[in-house]
Amino acid sequence: MTIEARNLGFRYGDKPVLREVSFALTSGRFHALLGPNGAGKSTLFGLLTRLLALQQGDILLAGQSLKKQPAEAMRRIGVVFQQNALDLDLTVRQNLQYHAALHGLSRKEARKRGDRELARFELLDRANDAVRQLNGGHRRRVEIARALLHEPSLLLLDEPTVGLDVASRKALNEHVRTLCEQDGLTVLWATHLIEEVRESDRVLILHQGQLLADGTGSAICEAEGTQTLADTFHALTGAG
Amino acid sequence: MKAAHYWHCFVGIQTREWLRFWQQRTRFASALVRPLLWLVVFAAGFRAVLGISIIPPYQTYITYETYIAPGLCGMIILFNSMQGALSMVYDRELGSMRVLLMSPLPRPFLLVTKLLAMGVVSIGQVYVFLLLALLVDVEPPLWGYLAVLPALVLTSLMLGALGLLIATWIKQLENFAGVMNFVIFPMFFMSSALYPLWKMNEASPWLYWVCQFNPFTYAVEAIRFSLYLEWNPVAYGITAGVTVVLALLATAGFRPQRTKILGTKPA
């Protein structure tokens, strides 16, 4: 599925947070949205998920405008938020069933799909445990499994590794890349951590509300005349 | 989207609310302490001060406990609705609201369903309260327990919508203490929950006038009359009308960016 952002602009009061951001995501690829804290990543995610209303520009999913066909768009998007969005006191399965119901799936179908996803994420044996008993890495995996229940074509992850240790971060990143390869899922992974991005990824660098670079990691490096992505990121944003 | 999708969504939201209720049953039980204190302690002390004569829907002299029981049912819903609405946009329920708003179903449907689900849990508490009230001889007719149900549902939706409207638009009231002082107590005291309005009229005509404009008064009267199997079209009509208006305003005016749902400070 193609995703296109056209000339997005957003301001909180008088303060512009996004300025003329345009990009297109390639179907079935891993995209890294890289930017220091306060770059506008979460605002961009807010717009993509309809939590923020579009002020300027438009977002097109498979050619359909988010403004005109919001329901159709939401059916195709899976989201993992930066902050935990699981009910800690409910079990893993109950959390999945709540999400499935919100997408109009019957209990039977929800159970079938939930178990399938949990098996894939090696969490089926934890299905009846309260989320509170899971470690941070496992909770994140449950959130990704949940985001995939309604079989979206685009998976949005807003800094999903916040609060995880190095090993869990790496594992989660690998895992999502595998999903991308296996299922042809289009992924937009927002992060401020350069080590989560590879040179072969499509990289979008956002800084102070503007898109400073858009291309594969290696192409961006070449254009900037730098050796590594970290150097490029530093040169463009003064961060990292 | 087909009707079945809406139905599964409706059931899913209700189910989640009950699961959470069960997880936090001690918190809900402690929420019953407040109305019971009013019923057992306050009413006992006040009974001597305030004699209640025969007014509709009652057909005989009644105790003060009997008079305030419907008002306390309203109070349970009032507290729960305000607390629930605040938690939807500011704290405990933020995660579930994020998930809720990712549903492809229309937002007004999702919000009203959520308010109803929270309302159903409050109504469960009201029934437990009414059972306990039997111990102090508040004994409405048996069918009254069923007849009161529509009034309770309307009241919970009305107050839930009011809570959501306030929580979304009045930033100064983002904590419970503020809502308690500026919404809950004024609504409760300036209504017919604790005293018949003719008493208020004797004491202060302008306060009586304010009470007449308080929708909570009509919600309490709708509860009171239906609990005693009497039909009060004015109370019902006003409660229903206000419910529709508030639900429309609350859902149409709902903006996630005015809450903490995005995870950032409200703009």
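Which hand does the crossing of α3(A) and α1(B) have? It's left-handed, a label used when the near helix is turned anticlockwise from the far one by less than a right angle. Before you check, know that this is a predicted model, where local features need pLDDT of at least 70, side-chain atom pairs count only at pLDDT 80 or more, and totals for chains, interfaces and linings use all residues. Residues are numbered from 1 along each chain as its sequence is written, while chains are lettered from A and ligands numbered from 1 in the order in which they are written.

Now select residues 92-102 of chain A, which is α3(A), along with α1(B). (Helices are DSSP runs of H or I, at least four residues, numbered from the N terminus.) Their axes, lines fitted to C-alpha atoms over the stretch in contact, come within 7 Å and cross at roughly 150°. The two helices are therefore roughly antiparallel, the word for angles over 145 degrees on a 0 to 180 scale between N-to-C directions.

Next, show the residues that meet here (C-beta atoms, placed from the backbone, within 7 Å). From α3(A), pick A:Gln94, A:Gln97, A:Tyr98, A:Ala101 and A:Leu102. From α1(B), the partners include B:His8, B:Cys9 and B:Arg16.

Zoom out to both chains: 27 residues of chain B are in contact with 30 residues of chain A. On the chain B side, α1 (3-23) and α5 (94-101) each supply at least two residues, and α1(B) gives the most, with nine.

Key:
Contact = placed C-beta atoms within 7 Å. Parallel < 35°, antiparallel > 145°, perpendicular 65-115°, else oblique.
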